[in-house]
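Please open the structure in your viewer and keep the sequence panel beside it.

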Amino acid sequence: MGTQFNLKELETGPRGLLWQSDFIDPAHEERLISIFRNGLEWPDRSGRISLHYGYTFDYKTFGLDPDVPYKEFPEWLQPLIPTTESRPPEQVCLQYYPPGSGIPPHVDTHMAYDQLYALSLGAPALMRFRRGEQVVDIDLEPRSMMQMTGDSRLHWTHGIKKRKTDTMADGIVRPRADRWSITYRWVRDGDCECGNLDLCDVAQRRHGLEKEKRSVKDPASQTAPDKAVS
């Protein structure tokens, strides 16, 4: 059940967006979805929900929650851990997106995290990347692995609109269905030096411009509409 990482820059995406289609085969995906449906204890609520391995995401600081003990990666997750980095990720987040759910545009905080990978499972969905007036829609194909590096990681927001259908570039309207994702995060070693005053919390702090952090509730417990996870 091993997997091979062979990500390449996506020509149709923002610079630095790396992609690998069919990262796993359909049989492997089916086994994972069976685990997600039947082998895990998800929060009992509607909308987007999440589970954490490694360290837990802190929805107040956008970093790692020091009060929650480290949770070992389960055996089924081990073959899916990116081997292209010098160390395993410190935080892995599983998310379930029922039809109609999404996540608002955001950038994962620069201060806390460096590398960012995401594996898509189940139904596809359009993810919108935005940088100023530039907009690029990326179709999150099932079984695809995506890595955000460089510009795509630091200077573009990304999000999934809350809606029941996606209208494709050719005009075809595609219904949404159950989707899962596995997001991998690495803790940043040192400060981010990108200097983006709009999106980088390090640059904002250095210039005395740090914006007040918006209220972000843990999707594992919130009952209000989805909030962005930065």
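## Salt bridges and a helix

The model you are looking at is predicted, and it holds 13 salt bridges. Side chains of opposite charge can pair when their charged atoms come close.

**Stop one: Arg143 and Asp22.** Select Arg143 together with Asp22, and you will find that their side chains meet in a salt bridge, with 3.6 Å from N to O. This pair links distant parts of the chain, since Arg143 sits in the loop between β8 (134–140) and β9 (145–148), while Asp22 sits in the loop between β2 (17–20) and α1, 121 residues apart. Are the two partners buried or exposed? Arg143 has a relative accessible area of 17% and is buried, whereas Asp22, with a relative accessible area of 52%, is exposed.

**Stop two: Glu29.** The side chains of Glu29 and Arg143 are joined by a polar contact of 2.9 Å, and Asp22, Glu29 and Arg143 are linked in a network of salt bridges. Glu29 counts as buried because its relative accessibility is 8%, which is under the 20% cut-off. If you leave aside its neighbours within four places in sequence, the residues in contact with Glu29 are Ile24, Leu121, Gly122, Pro142 and Arg143.

**Stop three: the whole of helix α1.** Now widen the selection to residues 26–38, the 13 residues of helix α1, which reaches 18 Å from its first C-alpha to its last, close to the 18 Å expected at 1.5 Å a residue. At the start of α1, look for Asp25, where a side-chain oxygen reaches to within 3.2 Å of the backbone nitrogen of Ala27.

Which residues of α1 are buried? They are His28, Glu29, Leu32, Ile33 and Phe36. Turn the view until you look down the axis of α1, and you will see that these buried residues fall within an arc of 135 degrees, so they line one face of the helix. The face turned away from that buried side carries the exposed residues Glu30 and Asn38. To see what covers the buried residues of α1, show the strands as well, including β4 (91–97), β6 (113–122) and β13 (179–187).

**Stop four: Arg188 and Asp114.** Because Arg188 lies in the loop between β13 and α3 (201–206) and Asp114 lies in strand β6, the pair ties together parts that are 74 residues apart in sequence. Arg188 counts as buried at 16% relative accessibility, and Asp114 counts as partly exposed at 28%.

**Stop five: Asp139 and Arg174.** Next, select Asp139 and Arg174, where another salt bridge brings the closest N and O atoms to 2.7 Å apart. Asp139 lies in strand β8 and Arg174 in strand β12 (residues 173–175), so this pair ties together parts that are 35 residues apart in sequence. Asp139 is partly exposed at 22% relative accessibility, while Arg174 is buried, with a relative accessible area of 19%.

**Last stop: residues 88–188.** Finally, select the stretch that UniProt, in an unreviewed entry, lists as "domain: Fe2OG dioxygenase", namely residues 88–188. Over this stretch the chain is 5% helix and 57% strand, and the end C-alpha atoms are 13 Å apart.

Methods:
Residues numbered from 1 in each chain as written. Predicted model: local features only at pLDDT ≥ 70, side-chain atom pairs only at ≥ 80, totals over all residues. Heavy atoms only, no water. Helix = DSSP H or I, 4+ residues; strand = E, 2+ residues; numbered from the N terminus. Expected span 1.5 Å × (residues − 1). Buried < 20%, exposed > 50% of the residue type's maximum accessible area, 1.4 Å probe, protein only. Arc of directions from axis to C-beta. Contact = heavy atoms within 4.5 Å. Polar contact = N/O pair within 3.5 Å; in protein donor to acceptor, adjacent residues only side chain to side chain. UniProt positions renumbered as here; feature names shortened; annotations may be inferred. Salt bridge = Lys/Arg side-chain N within 4 Å of Asp/Glu carboxyl O.
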